Amino acid sequence: MNILTFDIEEWFHILDNASTKTEREWSNFEPRIHRNMETIYGILEETKVDATFFVVGWMAERFPEVIREIADRGYEIGSHTHLHQLVYEQDRPTFYKDVEKSIKTIEDCTGKKVTSFRAPGFSIMERNKWAFEVLYELGIRVDSSVFPASRAHGGLPAYETATPSLLEYNGAVLKEFPINTRSVLGKSVIFSGGGYFRLLPYTFIKNSTKKSDYVMTYFHPRDFDYEQPVIEGLSTSRRFKSYVGLKACESKLRKWINDFDFIDLNQAIAQVDWETTMRVDMN
């Protein structure tokens with residue numbers, strides 16, 4: 001099972017950087033979403049593959065025509081929060097209001113119900129697992145926020161599986177589609193999205209996919225935009241992660257899709273036997 005997803009945000013929605021942190025800073029940058037969405041549509045139309053789009057609510061607010069087109073083309077849409085902030089930097093009421101606004105904004109834009117979610121930076125970790133309760137309270141039933149390994153934004157390395165599972169926390173039950181990992185020399189390696197995908201050679205990605213029963217991808221419009229400006233003030237590591245491999249990413253993704261079968265999240269949900277799938281108690 002290989003699942004294709006895109007996180008729909010602008011090229012300047014870069015985490016952990018003061019010059020791109022909030023709405024106030026975002027007004028300093030020119031939008032590039034329209035041209036970058038055309039690249040994504042071109043990939044999907046040529047390869048005849050469906051995908052799920054996790055949308056930042058702010059994008060639906062500022063560029064409703066972009067989000068309506070995603071819906072009009074028949075693609076599934078979920079929430080990626082409203083203001084694209086790290087979850088562990090928020091308290092519970094702030095996170096609730098942000099996700100609630102994203103859901104309402106997207107639903108008003110598309111006329112379709114939102115029941116799936118992904119956290120920016122996969123930033124739900126041990127200290128803010130209450131976020132799963134909030135999602136359930138807001139009508140989210142499918143989540144793809146678990147990063148079952150250590151990373152800069154925390155992750156949940158204690159999560160018991162990197163495959164589709166039922167996540168349980170304080171009475172909330174979510175169908176969880178975590179990011180997949182591959183064990184290399186005893187370490188969990190990520191290869192299926194973002195900077196990891198851009199950095200790694202295609203031979204490694206292809207071999208890793210062959211050895212995996214489950215792959216969850218995550219791409220952003222900016223991943224295919226090698227002409228985007230370089231944002232000033234980025235740390236050396238953040239600049240490397242944000243700009244490495246941009247020029248080759250589109251052709252690499254096209255090759256990957258042609259070499260393997262991919263489906264969207266809705267199709268994946270239908271393929272899982274939820275009566276027998278693993279249940280993960282996060283209490």
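**Entry 1**

I began with D16, which counts as partly exposed because its relative accessibility is 45%. I note at the outset that this is a predicted model, and I read every entry below with that in mind. D16 sits in the loop between β2 (5-8) and α1 (23-26), and its phi is near 60 degrees, a positive value in a residue other than glycine. I looked this up since most residues other than glycine have a negative phi.

I then turned to T81, in the loop between β4 (76-79) and α5, where phi is near 70 degrees, again positive in a residue that is not glycine. Is T81 buried or exposed? With a relative accessible area of 0%, T81 is buried, whereas D16 is partly exposed.

**Entry 1: α2 against α4**

Next I looked up how helix α2 (residues 33-47) packs against helix α4 (residues 64-72), and found an angle of about 10 degrees with the axes 11 Å apart. The angle is under 35 degrees, which makes α2 roughly parallel to α4. The crossing of α2 past α4 is right-handed. On the α2 side the contact is made by I33, H34, M37, E38 and Y41, and on the α4 side by E65, V66, E69 and I70. Sorted by class, the contact of α2 with α4 holds five nonpolar, one polar and three charged residues.

**Entry 2: α2 against α10**

I followed α2 to another partner, helix α10 (residues 246-259), and found the two packed at an angle of about 25 degrees, with their axes 10 Å apart. α2 and α10 are therefore roughly parallel to each other, and α2 passes α10 in a right-handed crossing. Which residues meet here? From α2 I listed T39, G42, I43, E46 and T47, and from α10 I listed E250, L253, R254, I257 and N258. This contact of α2 with α10 divides into three nonpolar, four polar and three charged residues.

**Entry 3: helix α6 and its cover**

Helix α6 (residues 130-137) came next; six of its eight residues are buried, so α6 is largely enclosed by the rest of the structure. The buried ones are W130, A131, F132, E133, V134 and L135. What covers them includes α5 (92-110), β5 (116-117), β6 (142-143), β7 and β8 (172-176).

R92, F95, Y96 and V99 of α5 make the contact with W130, A131, E133, V134, L135 and E137 of α6. The residues of this contact of α5 with α6 comprise seven nonpolar, no polar and three charged.

Y136 also lies in α6, but at 31% relative accessibility Y136 counts as partly exposed. Leaving aside neighbours within four places in sequence, I found Y136 in contact with R141, A172, V173 and L174. Between Y136 and L174, 38 residues apart in sequence, the C-alpha atoms are 7.3 Å apart. Just after α6, G139 takes a positive phi of about 90 degrees.

Beyond its neighbours within four places in sequence, L166 is in contact with V173, L174, K175, W274, T277, M278, R279 and V280. How far apart are the C-alpha atoms of L166 and V280? They are separated by 6.0 Å, although the two residues are 114 residues apart along the chain.

Notes:
Residues numbered from 1 in each chain as written. Predicted model: local features only at pLDDT ≥ 70, side-chain atom pairs only at ≥ 80, totals over all residues. Heavy atoms only, no water. Axes fitted to C-alpha atoms, helices over the stretch in contact; angles between N-to-C directions. Helix = DSSP H or I, 4+ residues; strand = E, 2+ residues; numbered from the N terminus. Parallel < 35°, antiparallel > 145°, perpendicular 65-115°, else oblique. Left-handed = near helix turned anticlockwise from the far one by under 90°. Contact = heavy atoms within 4.5 Å. Nonpolar A, V, L, I, M, F, W, Y, C, P; charged D, E, K, R; others polar. Buried < 20%, exposed > 50% of the residue type's maximum accessible area, 1.4 Å probe, protein only.
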